[in-house]
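Open the model in your viewer and keep the selection tool at hand.

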Amino acid sequence: MRLPVFANTGPRDWARFAAAAIVILALPLVLHDPFFVLVMQSLAYLFIVSLGLDILVGWTGQISLGHAGLYAIGAYTSALLATRAGWPFWVSAPLGVAVAGVAGALLAIPSLRAKGPYLAMVTLAFGFMMEVTTNRWQSLTNGPMGVSAIPAPTLPGGEEMTPTQYFWLIAGVALLCQLLANNLLGSRVGRTLLALRGSEIAAQSVGVNVYRWKVLAFVISSVYAGLGGVFFAHQNGFINSDTFVFALSVSFLTSVLMGGSGTLYGPLVGSVILNLIPTVFARLHDYHLYIYGGIILVTIIFLPDGIVGSVLKLPVVRRWRRPPPRIEPEPGGLALSQAQNNREPVIEARNVTRDFGGIRALDRVNIAVQPGVVHGLIGPNGSGKSTFVNVLTGLYPPSGGEILLGGRVLGRVRPHQMAKLGVTRTFQSIRLFGGLSVLDHVMVGFHLHLRAGVWQHLLQTAAAVHEEEQFRRKAMTLLQFVGIADRAHEIASNLPYGQQRLLEIARALAVRPRLLLLDEPAAGVNPTEIQRLVKIIRDIRDAGVTQVVIEHHMELIMGISDVVSVLDFGEKIAQGTTAEVQRDPKVIEAYLGTGLETAHA
Amino acid sequence: MRAKAWLRTAAVGAFAWFALAAAGAALAAEPVKIGFSVSLTGGTDDYGKAAMMGFKLALKEYNAKGGYKGQPVEAVIYDDETKPAKGVENVTRLITRDNVIAIVGPVNSGVALAIIDIAQKQQITLMDTIATAEDIIKRYAKEPKNYIFRVSLNDGIQTSFMIDYIQKKGLKKIGLMHDSTGWGQSGRDTALRLMKEANIPVSAGPEVFDQNDTDMTPQLTKMKEANVDFIIAYSLAPAGVQIAKSMQKIGITVPWTGTWGLLAPNFLRLGGKDLTNGVMAVTSYTVDHSENAKKFHAWVDKEYAGDGGDFWPVATAQTYDGTRLVLRALDKVAPDPARLDDRAYMKEVRQKMRDAVENIDDFTTAVTKMKPRPFAPDNHESLGRDSGFLAIWRDGKVVRAQ
Amino acid sequence: MFVKIWQALVSGLSVGSIYALIAQGYYVTYITTGALNFGQGEFLMIGALFGVTCYITLGLPYAIAVVAAVVLLSAMGAGLERIAIRTTLRHALSLSWVLSTVAVSIIVRNAAVQIWGPEQVKFPSPFGDKVLRIGEAGIFPQELFIIFGSIGTVLLVQFFLKRAVLGKALTAVAYNRRAAAVMGIDVQRMVVLAFVLSSALAGLGGVLIAPITFAWAYMGTVPGIKAFAAAIIGGLENPIGILIGGLAVGVLEQFFGIINSNLKEGITFLFVLLILAVRPTGLMGRKEIEKV
């Protein structure tokens, strides 16, 4: 029996949330003290902010040192609408959340391409901008003198909520926030975000529009921050520009790390503990900053996985966790390819040139890949093979020349668009997605074929859950095809090297490509596994998928290729059947004393 | 690897212990308590630290004389970190958990504006000894019982002395600048209002600066271009020195004035005799304006020799007086310490405390310029027009401006 | 009008050269470890306050006070590397050094308040307080000293990195860690050296600016962040970009201060956001091409 929404929430989950709801209801009644109620209100909304921040930090791998700014936007919007325009909480609050969400989308723009300290600076600068703006734009915010007499929400009867009722409201919403976050993060959305965190380039190769998903993460995170801000404003009754400072952003980030970034319940644990600390140590006012700074340091140094992350890693807890369910492969077998009945070359490079600074990595290369073949690409180190693959998959735009796909000239196409056009790849240096399981890697590979979107996953509609199940079976089929189905639930980075390469192939096949580019699939793979690899490549070809294979392993390339192109110093020096190429004097010269002779032997 | 796992377990354990300790700390009962919540870190922490000296001295003196019915009165001190939300938390905590009879603080006007609502609603005396925003007292002045009291010269009174001076000297072109804190901005609003009432136009500004700004030349060049003959600057001492230095830089020499912040000894220490010469400021207090003040100043210097002595005399003196007013009210109300755990009784005590503070009429030992009856039902400002004057720096000394 | 702009330029260069000096410290550690000290401003503050102790309290000559501050800060830099950097570089969150250095800065600032108090302390300039005139613009001798001292130091650091044996080893580590290790360079030592150098620059900055800003526990935060902004604007990997970025930020603030003093504080950050939206590695930073 499945509900139309929250279809994936099992009886155990419901029991857990019911228990949480009972605790929320009982707490203020048991600890009947206005101060406790005030503190618990604060904990609840600060938790909401941390939860949202973790979606950005723990799941997407971004950082925000400016979350106080988003929090401020929610708080000010709702407070100003409530005090100046006299709108009720129930109208001003959603608007505050919405405006924060829009601000998050804007903040995402300069954050998209910035990395490392640059990204830190973007968010930091945003935070300071908000700090200065709220201080100086006095006609709007009244600066440090602030907005006062912000009303508490009203009940339907028109009277103001008591602090206890307000706590129930905040904590209830917080519970809902956790529930929705669990839905999101436990589904396709969390998986895709983790994929971004693991490797943006690999995520793009299976069709994930990295920018759009980052914007999404920023928006979700901002909505949570804005919500926290709204609750804060109506709790405190007064907000001013001194509240939303850098230190607040730092404390949000610390609570996420302390709890355990990238875990479902880390933000809850972290925000509760971190925000209780100053309350408990309030009388030690001379030392509370030492305590606070010390706690941040200890957390980062000794608890890199946070409290929840560390607990989950304890052997006892790991044994106690439920084993993952067994998934049967799809009965129908394998459908690898998008239909292609075209006679044109699948992809064609015409006079393609690529420069890096003063260095010409590719020089007027002409290569046409015919449908249904395995097209080998060889050449000495630095001859431009990988660059060629990168140009074909849209990672680097060509400096000159053009690329035709199915006979049509392509403009500037980004990697995720290439995937949509049916071109995908594997990587010379393996690019897996951090902590994702083997199965989830293939699920990310299905990105372009999944229909259920963010909203459906947010609510866990029956259709979304059904789709996930169906595709999990398909994923098992693919894993079976490459021979690693028995490891489906392991963390991918724990696989041996050779199996990681096979997993990359399975992930790429999930795209159902017309053209698959394998960049040195045999590098670092042991001989038995190479036999398996050869068989897989042949099976893929027999299923109708065109392949371009870059390899140094001559035996492999000569064994599987229908056509071989040879690059040297960025130029194509030969092309033909394996036999033709092996006889070509230019090729022998390029390889003199290196590969070809040994390959013959 | 094992060692790491141990460390991890230990860290998790430490957090668990901490949670238990937190729960334990919540249970315990204590004697008569006064709450004190000010900024001990953050933007206005020097005020907070100076105020704490006055607060502690008042309590020390009281307890040395036997305390309340033989028991020392206990201080509960919290840091509001110059954050309004933290101030709200502290005050709520003082009222509901710590069960204090009255609260002294805060020092920051922004924080004050946030917490007066709670004090008023929960009916507990809040003695503001530093924050100067007018609205702190005004907001509940119309209520039958205002629970907020002040021992400090509010912005309006301070500014009125400047207006008097401008009118007396017949100055025409006035420049106005202020720092970006809540205090600076409410000072600007007060000045604009009073100048409008007195029909004095603002020739340059209002220009804003950050209180930590080290170069005010852009702001002051505008004053120079407008040819002002007097500048009102809502600035604390360090920024005040920067103003004086920047004036030197761009070669502008007009008299200028600020509020009591510029009379801190720090102003002289940072600026030196030459730079401070001729700078004016409003005050209610100088360390030698009465015998009481002289004695008090010497005492602070001695008690806090290690912490820079009496480094912010006005703040320390006002808080000392404010705290003593609360303690005096305590003696008048004379509650039964054994019954303070009873919420209904405590509520009654707090209401009586307010009435007692309002009606004190024998406070003759003030170190500030305060009347024996500092407050009245219609007046919760203990320091008024007759408590203050415009002072001027002359060769490193503060004297009355003529 | 001209006088106003000229004065803003002169004042801006003096403030900006300090940003440039601090930012140079970010550069040195960024190229070697990819991390930087978010508490650089607090380190600068310690330099200033320790300078006061040496110069005023102990009555040592200015030059000795400068050296003493630099030595103390070098030691703090080594400590910072050990506590907050080495422990976090392999952390799950790639930017966890941000938080660990912020944590150190919180502790350092609190310690400073307890040791030196919350108040500003005067640090008299060894060059006196008599205003000099450059054209119509006024400038304090100390400010002039700051401009030349900062730019000189920046050039000296570059000279060290390009010419001195130790500096070249550091540059080699920055260029390619593994290759440097193969060549027999002790990478770990070079990382420590980078943080020592970076912190020493902060200490120097502290003693240089204290006569202008006063020395106190909260003096460092804003210059630290603005210097970071300057480094980002210029491009963290480009020392010349950083120098220009620092000066530009200083001048920019003064100019916008003239237009409207409300804009003075925020303009730098607005500028950073606009630049990074267009050029994600700063104005003069290397365009990042990820090797695949």
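This tour tells you what to select and what you will find there. Bear in mind that the model is predicted.

**Stop 1: chain A.** Select the whole chain. Its C-alpha atoms fill a box of roughly 90 × 55 × 45 Å along the principal axes. Colour by secondary structure: chain A has 26 helices and ten strands. Of its 601 residues, 55% count as buried. Now look at contacts in chain A with a separation of 6 or more: 76% of them join residues 24 or more positions apart.

**Stop 2: helix α11 of chain A.** Select residues 246-259. How far apart are the end C-alpha atoms of this helix? They are 20 Å apart. That agrees with expectation, because 14 residues at 1.5 Å a residue should span 20 Å. Next, check the cover. Twelve of the 14 residues in α11(A) are buried. The buried run includes A:L248, A:F252 and A:M258. A:S249, A:T254 and A:G259 are also among the buried residues.

**Stop 3: where chain C meets chain B.** Show both chains. Here 23 residues of chain C are in contact with 25 residues of chain B. On the chain C side, select α1 (2-33), β2 (137-139), α8 (187-213) and α10 (239-259); each gives two or more residues. Which element gives the largest share of this side? It is α1(C), with five residues. Finally, colour the chain C side by class: nine residues are nonpolar, ten polar and four charged.

How values were computed. Residues numbered from 1 in each chain as written. Chains lettered and ligands numbered in written order. Predicted model: local features only at pLDDT ≥ 70, side-chain atom pairs only at ≥ 80, totals over all residues. Contact = placed C-beta atoms within 7 Å. Helix = DSSP H or I, 4+ residues; strand = E, 2+ residues; numbered from the N terminus. Nonpolar A, V, L, I, M, F, W, Y, C, P; charged D, E, K, R; others polar. Buried ≥ 20, exposed ≤ 12 C-beta atoms within 10 Å, placed from the backbone. Expected span 1.5 Å × (residues − 1).
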